[in-house]
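Here are my notes on the model, as numbered points. Please read them with the coordinates open.

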Amino acid sequence: MEKLETTTNSLIIRKQIKILIAEDKRTDMRLIKALISRIRPNALLQEAHDGKEAVNKTLEFSPDLVLMNVQMPAMNGLEATRLIREKVKGKQIPVIALISRDMKGEKEKCLEAGMNDFIATPVLEKTLKEVLIKWLGKDEEEENLHVNFDIIHIYTFEDEEFEKVFISLIIKSMNEALHNFYAYIEQKDLIAIKAASHKLRGAAATSGLIKVNFITSKLEALEDIEDNTINDLMNQLEAEIKVVNEILSNYLKTKANQ
């Protein structure tokens, strides 16, 4: 799947990373999805809850990487990986084993089954990030798409004092919006969620916040409060706001020291 994004300077077309998570434990699934949303906010995620589903989803979804729990019902991760290697022709999809820290001898079995690497559970963010970079590469292009400062300069008329106030207001409004989103979700108020998404999307567009704009456009398009994607989108939004806050805060500190 390709995503198209625009900035004032360029038109960027890039491939969206697809990751399949095969995990039968609900809490571990939620943890892994939350971590990936922080590490790769724009990754497209799919779930499988047993080995058979993992094989079927791999054939259907054609992921760029599979995180595979070794011990799952119906069909374990080792059997599922063997089938994936048999059925997927031409493309060597990295399959990363999720194994318990105390499972001695399991790494050798994983390699024999066709797995490429291992992550001990419970999964740590640092370890997961290292593995994703190892097998998918560092997304340097994506790192530069959080904030487009050219847009901020345009809207602040390159007035440094006004720019400081403008950026401070961006940080404050994003944090307030995030708090409001969770309140509306708790209340199951879809109309309020869509209105808040529209408002934040407009602010993001005039502030050069590329990913916030993209995520809020998806939230605004929701038609059902029970839509399963809402939690994924909120994880992405929270992670992206944290990144943007850090970028903008560091920018203000740098300006203050000049």
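1. Start with K164 and E161. In this predicted model, the two residues form a salt bridge, with the closest N and O atoms 3.5 Å apart. Both sit in helix α8, three residues apart, or about one turn of the helix. Are they buried or exposed? K164 counts as partly exposed, at 30% relative accessibility. E161 counts as exposed, at 53%.

2. Helix α8 takes part in another pairing. The side chains of K255 and E160 meet in a salt bridge, at 3.9 Å from N to O. The cut-off for such a pair is 4 Å, so the contact qualifies. K255 belongs to helix α11 (residues 229-257) and E160 to helix α8 (residues 160-187), so this bridge ties together parts that are 95 residues apart in sequence. K255 is partly exposed, with a relative accessible area of 22%. E160 is also partly exposed, with 46%.

3. Next, K134 and D117. Their salt bridge brings the closest N and O atoms to 3.0 Å. It links distant parts of the chain: K134 is in helix α5 (residues 125-136), D117 is in strand β7, and 17 residues separate them. K134 counts as exposed because its value is 56%, over the 50% limit.

4. The salt-bridge count comes to nine. K33, E47 and D232 are linked in a network of such bridges. As background, side chains of opposite charge can pair when their charged atoms come close.

5. Strand β7 (residues 117-121) also holds F118. What does F118 touch, leaving out residues up to four places away in sequence? The list is I96, A97, I99, K107, C110, L111 and V131. E106 is twelve residues from F118 along the chain, and their C-alpha atoms are separated by 9.7 Å.

6. Now helix α9 (residues 190-207). It has 18 residues and reaches 25 Å from its first C-alpha to its last. That is close to the 26 Å expected at 1.5 Å a residue.

7. Which residues of α9 are buried? They are L190, A192, I193, A196, S197, L200, A204 and S207. These residues cover an arc of only 145° around the axis, so they lie on the same side of α9. The face turned away from that buried side carries the exposed residues I191 and K199.

8. What covers the buried residues of α9? The cover includes α7 (149-155), α8, α10 (210-220) and α11. Two of these elements, α8 and α11, also hold the partners E160 and K255 from point 2. Just after α9, G208 takes a positive phi of about 75°. Please look at that residue in the viewer.

9. Last, the chain as a whole. It has eleven helices and seven strands. Buried residues make up 46% of its 258 residues. Among contacts with a separation of 6 or more, 66% join residues 24 or more positions apart. The accessible surface comes to about 13,800 Å², and carbon and sulfur atoms account for 52% of that area.

Notes:
Residues are numbered from 1 along each chain as its sequence is written. This is a predicted model: local features need pLDDT of at least 70, side-chain atom pairs count only at pLDDT 80 or more; totals for chains, interfaces and linings use all residues. Side-chain values use heavy atoms; hydrogens and water are left out. Helices (H or I, at least four residues) and strands (E, at least two) are DSSP runs, numbered from the N terminus. Buried means under 20% relative accessible area, exposed over 50%, partly exposed in between (1.4 Å probe, protein chains only). Contact means heavy atoms within 4.5 Å. Accessible areas come from the Shrake-Rupley method with a 1.4 Å probe; for residues, only the protein chains shown count as cover. The expected span of a helix is 1.5 Å times one less than its number of residues. The arc is that of the directions from the helix axis to the C-beta atoms.
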